[in-house]
Amino acid sequence: MPRSMPDAPTLLKAAMKYLEDELMPTLSGYHRFKTRVTINAIAIVKREAEMIAAQTAAEGARLAAILGHGGDTETLSAELAEKIRAGAISVDDPALRAHVRQSLAEALAINNPKWFDR
Amino acid sequence: MSSPEFEARLSAAVSRRIGAPGTIHKLERLTGGANKTTWSFDAEIGGRREEFILQLSSAGAAEQPSPLADIAPHITADQDARVMIAAVRAGVPAPRVRAILEPSDGLGPGYVTERVAGETLGPKIVRDEKFASARTMMTRQCGAILAAIHRIDLKELPFLPYQDAAQLVAVQYRIADYYGLHHPALELGLKWAIEHIPRNPRRTVVHGDFRTGNFIVGENDGIRLLLDWEIAQSGDPMQDLGWVCVKTWRFGGPGPVGGFGKREDLFAAYEKAGGSSVDPDQVRFWEAFGSVKWAIGCLRMGMRGIEEVGIERCAIGRRIEEPLWDFLNLIEGRDN
């Protein structure tokens with residue numbers, strides 16, 4: 001199937017623009033709050049659509065280096081989680097720390113980039 | 001329950017338990033959750049009009065049975081009221097209980113407290129210019145309030161659930177496993193917690209949710225009231241000192257204590273007010289583990305959001321990395 005146009009991030013950007021610029025000024029109280037939360041949720045989906053492929057590939061490469069073998073990223077991540085719990089890798093291991101820090105930074109870049117400024 | 005009938009029952013309860021005639025004015029629902037609703041109202045008592053808060057719990061069995069039902073032991077409304085009464089007696093600014101409801105009141109479990117005016121919203125308290133002078137007092141107040149809470153005689157409140165740090169960590173594992181979450185950052189946080197469990201903690205009354213957002217704050221007098229006693233427990237008192245420092249509860253404010261104060265000032269105020277001597281590393285454990293616990297809180301909220309298809313809770317689910325990021329910064333000395 002040929003790629004449909006406009007792409008997902010562009011559609012979401014247009015939806016957010018309407019909600020933010022036209023709908024929000026007409027709202028107050030409960031609906032203003034819920035619409036704000038909704039706009040934030042759409043922004044998350046937009047950033048995820050833009051970044052997730054590259055992030056997943058980079059995460060998979062980091063995990064393969066730590067675990068010493070390849071696989072799909074989600075399976076490798078679960079394996080690392082298991083190893084941490086079993087004590088097979090130390091929580092003070094610098095490579096583990098670096099990987100966890102990078103993974104959290106990537107997730108925050110999607111879910112709430114403002115958190116870095118806190 | 002229809003509104004006129006609800007008001008009539010409340011009026012009768014107020015008249016019987018606080019004072020006649022108990023005529024109700026300005027009855028207004030403030031918040032409502034699945035387990036608890038909060039109402040504000042005025043009532044005529046003798047010749048005066050007084051201001052009250054009504055807290056109602058759902059009548060027990062309404063909660064869905066869940067394999068996680070026992071993990072966060074909530075005390076009952078009646079016990080909650082008894083904790084606040086003991087706290088007020090110990091000099092803590094807890095809500096003043098005026099009536100504990102009984103089955104004959106026909107309102108379900110709950111209680112009536114005196115209403116106190118002021119601000120509860122975290123972002124306003126930590127950032128608004130209006131509260132600048134309040135903020136200069138609040139760290140000292142936190143120390144004094146915590147010292148008073150931790151002095152309450154545990155024997156007065158034998159029903160308080162006890163969980164030590166190791167049990168609390170075990171509970172977080174259970175929740176992660178229940179939802180099938182395999183999350184390296186979370187696992188790192190939980191493992192770190194196991195390896196840093198404080199030795200020989202004291203055991204006192206613990207508020208359990210002592211933080212900005214649960215304070216009613218006045219512009220000129222700082223903390224007027226400490227709310228939300230429903231997860232009061234017995235445990236390590238340092239837990240309360242750590243929780244108020246968790247970054248999530250700073251609401252973007254600059255100070256590590258609640259978004260307004262310095263840790264060393266909190267510890268000094270606590271000791272000066274008669275609290276035991278503070279080991280900063282032990283408080284740091286509770287702050288770090290507090291962040292991990294809040295990550296699990298985000299997970300639970302997110303899963304409830306999926307269940308109810310509700311945008312607010314779903315959005316909180318996506319906040320799980322925030323406290324884990326804060327945790328990592330804290331244990332690596334990158335926190336302020």
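Reply: What follows starts at the contact and then moves out to each chain.

This is a predicted model. Start with the head count. Chain A puts 24 residues into the contact, and chain B puts in 22 residues. On the chain A side, three helices each supply at least two residues: H2 (29-67), H3 (73-86) and H4 (94-111). By class, the chain A side holds 13 nonpolar, 6 polar and 5 charged residues.

Step back to chain A. Its secondary structure is 4 helices and 0 strands. In sequence order the pattern reads α-α-α-α. The C-alpha atoms fill a box of roughly 55 × 40 × 20 Å along the principal axes. The radius of gyration is 19 Å, whereas a compact globule of 118 residues would have one near 13 Å. Buried residues make up 15% of the 118 residues in chain A. Take the contacts in chain A with a separation of 6 or more: 46% of them join residues 24 or more positions apart.

Chain B is next. This chain has 11 helices and 9 strands. Its C-alpha trace spans about 60 × 45 × 40 Å along the principal axes. The radius of gyration of chain B is 20 Å, which agrees with the value near 20 Å for a compact globule of 336 residues. Of those 336 residues, 44% count as buried. Among contacts in chain B with a separation of 6 or more, 67% are between residues 24 or more positions apart.

How is chain B divided? The domain assignment gives domain 1 (3-114) and domain 2 (122-331). The centres of the two domains, taken over C-alpha atoms, are 25 Å apart. Where they touch, domain 1 of chain B contributes 20 residues and domain 2 of chain B contributes 23 residues. The domain 1 side of that contact divides into 15 nonpolar, 3 polar and 2 charged residues.

One residue of chain B deserves a stop. Phe289(B) lies in helix H9, residues 280-308. Is Phe289(B) buried or exposed? A residue is buried if 20 or more other C-beta atoms lie within 10 Å of its own. Phe289(B) has 27 C-beta neighbours inside 10 Å, so it counts as buried. His196(B) is 93 residues away in sequence, yet the C-alpha to C-alpha distance is 9.5 Å.

Back to the contact to finish. The chain A side draws on H2, H3 and H4.

Methods. Residues numbered from 1 in each chain as written. Chains lettered and ligands numbered in written order. Predicted model: local features only at pLDDT ≥ 70, side-chain atom pairs only at ≥ 80, totals over all residues. Contact = placed C-beta atoms within 7 Å. Nonpolar A, V, L, I, M, F, W, Y, C, P; charged D, E, K, R; others polar. Domains from an automatic or database assignment. Rg over C-alpha atoms; globule rule 2.2 N^0.38 Å. Buried ≥ 20, exposed ≤ 12 C-beta atoms within 10 Å, placed from the backbone.
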